[in-house]
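Some remarks on the model follow, as numbered points. Please read them with the coordinates open.

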Amino acid sequence: MAETARKILTLNAISARGLARLPQHYVVGGDVAEPDGILVRSANMHDMDIPASVRAIGRAGAGTNNIPVKKLSERGVPVFNAPGANANAVKELVIAGMLMGARNLVPALKFVEGLGGSDEEMHKATEAGKKAFAGIELPGRTLGVIGLGAIGSHIAEAAIRLGMQVVGYDPAITVDAAWRLPSQVKRAESVEDVLRMADFVTLHVPLLDATRNLINAQRIGLMRPGAVLLNFAREGVVDNAAVVEALDAGKLHAYICDFPANALKGHARVVALPHLGASTEEAEENCAVMVAGQLADYLEHGNILNSVNFPNVSMARESAFRLAIANANVPNMVGQISAALAAAGLNIHNMVNKSKGDMAYTLVDVDSAVSGDLIRTLAAIEGVLAVRYLPA
Ligand SMILES: NC(=O)c1ccc[n+]([C@@H]2O[C@H](COP(=O)([O-])OP(=O)(O)OC[C@H]3O[C@@H](n4cnc5c(N)ncnc54)[C@H](O)[C@@H]3O)[C@@H](O)[C@H]2O)c1
Ligand SMILES: O=C(O)CC[C@@H](O)C(=O)O
């Protein structure tokens, strides 16, 4: 059988090493029509008319708040991401951010930029002015980490190595992340507990309805005087107006973030980086390699790994005839699918069905070719969202 020339639309620049993970016969570009899959980084897809041809989305990164995941679930389309692939890059920038805040590096650099006159005048002004930028050291200080997933757990570990005390909060920490945490990390019972105990607070939660404005005026009120707040998660997790008020009142020492906004612009105690957390050669490559591999495995074989809306499902190929069915997680789907296959005279060679929340997914290998009529019958079952036939 000829290879299917699948088409992949890229909405952002995707690292070449990642694209090389796609089969060679794929057509890839920023302007392909009727794509089978989409690769994206931070481009906002909420207002995009996503073509009906799209079978899967690959997010070369962690956060998927730029993607209409719910709408895609209703179409039976998985959204893949790259968990942990940029965690080290973000960790390093957060450590840099803590040091910027602790040593007042940005205001100090601005002061130096403003120096003029002869070298001798500069030296004099330097020695007279430097006391305004005296800072603190990290060992012995407490770092509060809110969200102990791929990034938060790495930061907790790095901070312990730097001699800091670490207190963390995550109501749904995964087993993997918990294993990564050094035993010295203290477990807090709430966001409020972390805020009360920490000199530096860093946020590593996804942007969800539940985390929007997680850090607001009332919670900032609980923070230690002179604390440094770091936000390399998402803009919406922090109320910018409340932060500016706390900075102006001297309650917060600095706000270091990855999300420039008008409310923060020009503030002497704000460092806003241009969403640089994942912008390293290594992270861009790791994310693209991971997600392109997952996308291709799904398009070719129906296997699912690291989808935010579907369960992990993978089955070794022992038959040339495979059906991949996305369905709602409701009773009797497997029964109806099996009955339709039996009525068509097909023998099931292997089958797996798994669910995640409202979504379920079924892979079925059969012993002989599948007809167009059977695919239409399966697609017409109530609760079936998408059916793909994947002959090897
Ligand atoms: N600045 C950047 O360039 C950059 C790069 C990567 C990720 N991010 C952002 O960081 C977020 C986290 O990334 P990750 O790779 O660590 O994701 P992750 O899924 O591994 O970890 C997120 C953790 O947050 C926890 N969480 C959810 N709600 C919480 C709450 N209310 N309080 C405390 N914990 C909560 C989850 O249980 C999970 O353990 C991403 O969703 C993304 O928005 C930003
Ligand atoms: O792709 C990027 O540059 C940012 C990615 C980052 O925000 C993420 O959520 O992984």
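Which residue in strand 3 stands opposite Ile8? The first point takes this up, along with the rest of the pairing of strand 1. The model is a predicted one.

1. Pairing of strand 1. Ile8 stands opposite Gly37 in strand 3. The two strands, strand 1 and strand 3 (residues 37-40), run parallel and are joined over 3 bridges. Strand 1 (residues 7-10) also pairs with strand 2 (residues 27-29), again in the parallel sense and over 3 bridges. In that pairing, Lys7 has Val27 of strand 2 opposite.

2. Contact between domain 1 and domain 3. On the domain 1 side, 15 residues are in contact with 15 residues of domain 3. Helix 2 (69-74) and helix 11 (281-301) are the elements of domain 1 that give two or more residues to this side. Sorted by class, the domain 1 side has 5 nonpolar, 6 polar and 4 charged residues.

3. Buried face of helix 12. In helix 12 (residues 333-343), the buried residues are Met333, Ile337 and Leu341. Viewed down the helix axis, these buried residues fall within an arc of 65°, so they line one face of helix 12. The general rule is that an α-helix has 3.6 residues a turn, so residues three or four places apart point the same way.

4. What lies over the buried residues of helix 12? The cover includes strand 13 (321-328), strand 14 (348-356), strand 15 (359-366) and helix 13 (372-380). On the face turned away from the buried side, helix 12 carries the exposed residues Gly335, Ala342 and Ala343. Just after helix 12 comes Gly345, with a positive phi of about 80°.

5. Shell of ligand 2. Which residues are around ligand 2? They are Arg41, Ser42, Gly61, Ala62, Gly63, Asn86, Gly277, Ala278 and Ser279. By class, this shell around ligand 2 divides into 2 nonpolar, 6 polar and 1 charged.

Key. Residues are numbered from 1 along each chain as its sequence is written. Chains are lettered from A and ligands numbered from 1 in the order in which they are written. This is a predicted model: local features need pLDDT of at least 70, side-chain atom pairs count only at pLDDT 80 or more; totals for chains, interfaces and linings use all residues. A residue is buried if 20 or more other C-beta atoms lie within 10 Å of its own, exposed if 12 or fewer, and partly exposed in between; C-beta atoms are placed from the backbone. Helices (H or I, at least four residues) and strands (E, at least two) are DSSP runs, numbered from the N terminus. The arc is that of the directions from the helix axis to the C-beta atoms. Two residues are in contact if their C-beta atoms, placed from the backbone, lie within 7 Å. A residue is near a molecule or strand if its C-beta atom, placed from the backbone, lies within 6 Å of it. Ala, Val, Leu, Ile, Met, Phe, Trp, Tyr, Cys and Pro count as nonpolar, Asp, Glu, Lys and Arg as charged, and the others, Gly among them, as polar. Two strands pair if DSSP finds at least two bridges between them.
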